[in-house]
Every structure is written in structure tokens, then in C-alpha cells.
Amino acid sequence: PPPMPVPDSLFKFVGQQEEPVHRITETISNGAEAICVIIELPDITSITQVSLDVSAKLLQVRGGKYRLKLNLPKKVNSDQVKAKFVAKRKELKVTAPVIELD
């Protein structure tokens, strides 16, 4: 017999990781082009509960029940990433300068 489908509610019950609501914009930061990612983390109260890893083309966030692995639209300078958690809105704002390609 075919396997029984598992309802989504069961995954939440066993602590399945969820992808948080997020949005990506391109912006200007300190006069240079940058990628800005805003990630909603409703169950997080402090940035100390969040793990952030950014490489040239990939952003990964882990916090609470949330996991996000995001391919960035442009190559960024991972050494100059800025992250700020806005507790009032439960949002993590990550800004990374775009590497200019010659």
C-alpha cells in the first residue's frame, strides 16, 4: 500500500524546522550597493538566540524553530556583513555589501 500522507500539523508538533518569512531587497549602504535581507523570527527575543552565517552567495540563519538557507542574488563581501535584531518587530535585518565585478 502507498505510504500515508503526514499532516503538516504533525511536523509542527514534533518540532520540525520552519522557513521564516523573509524578504530580500537591494539597497544603498554607505554609498555602495548592498543586499538587505529582513527575516521575521516571532519566537526570538534576543540576537544571542540566532546563528548567522554569510558567505559570498549564501546566507544561513538558525534561531528557535526557524532555519533559512538563502541563495543571494549577487555576490557579497561576507567580511562586512551587518546584522541587527529589532526586538519590537521580531525581525533580523542583515545587510551585506555587493562585490563589484570588474
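Which residue stands opposite Ile38 in β7? It is Lys93, and I will come back to that pair once the strands around it have been laid out. What we have here is a predicted model, in which local features need pLDDT of at least 70 and side-chain atom pairs count only at pLDDT 80 or more, whereas totals for chains, interfaces and linings use all residues. Residues are numbered from 1 along each chain as its sequence is written, and side-chain values use heavy atoms, with hydrogens and water left out.

Four strands make up an open sheet in the order β1-β2-β7-β6, with antiparallel pairing; strands here are DSSP runs (E, at least two residues), numbered from the N terminus, and two of them pair if DSSP finds at least two bridges between them. β1 (22-29) and β6 (82-86) are the edge strands, each having a single partner strand, so one side of each is left without a neighbour in the sheet. Direction ignored, neighbouring strands of this sheet are turned by 20° against each other on average, the axes being lines fitted to C-alpha atoms and the angles running from 0 to 180 degrees between N-to-C directions. Within the sheet, β2 (residues 32-40) and β7 (residues 91-97) run antiparallel and are joined by seven bridges, and it is across these two strands that Ile38 faces Lys93.

Staying with β7, we find Thr95 in this strand. Thr95 is buried, with a relative accessible area of 15%, where buried means under 20%, exposed over 50% and partly exposed in between, using a 1.4 Å probe and protein chains only. If we leave aside its neighbours within four places in sequence, Thr95 is in contact (heavy atoms within 4.5 Å) with Ser29, Ala34, Ile35, Cys36, Gln80, Val81 and Lys82.

β3 and β4 pair over five bridges and form a hairpin with three residues between them, and Val50 stands opposite Gly63 in β4.

Gln60 belongs to β4 and is partly exposed, with a relative accessible area of 22%. Neighbours within four places in sequence aside, Gln60 is in contact with Ser51, Leu52, Asp53, Leu68 and Lys69.

Finally, what lines the largest cavity? The structure holds one cavity of 30 Å³ or more, a cavity being a set of points, on a 1 Å grid over the protein atoms alone, where a 1.4 Å probe fits but cannot get out, and lining residues having an atom within 4 Å of a point. The volume of the largest cavity is about 30 Å³, taken as the space filled by probe spheres set on the points, with grid points joined across faces, edges and corners. Its lining consists of Ile35, Val37, Val54, Leu59, Leu72, Val94 and Ala96, with β2 and β7 each supplying at least two residues. The lining divides into seven nonpolar, no polar and no charged residues, where Ala, Val, Leu, Ile, Met, Phe, Trp, Tyr, Cys and Pro count as nonpolar, Asp, Glu, Lys and Arg as charged, and the others, Gly among them, as polar.

Technical notes. 1 Å grid on protein atoms, 1.4 Å probe; cavity = no way out; pocket = protein on both sides within 12 Å on 5 of 7 lines; lining within 4 Å.
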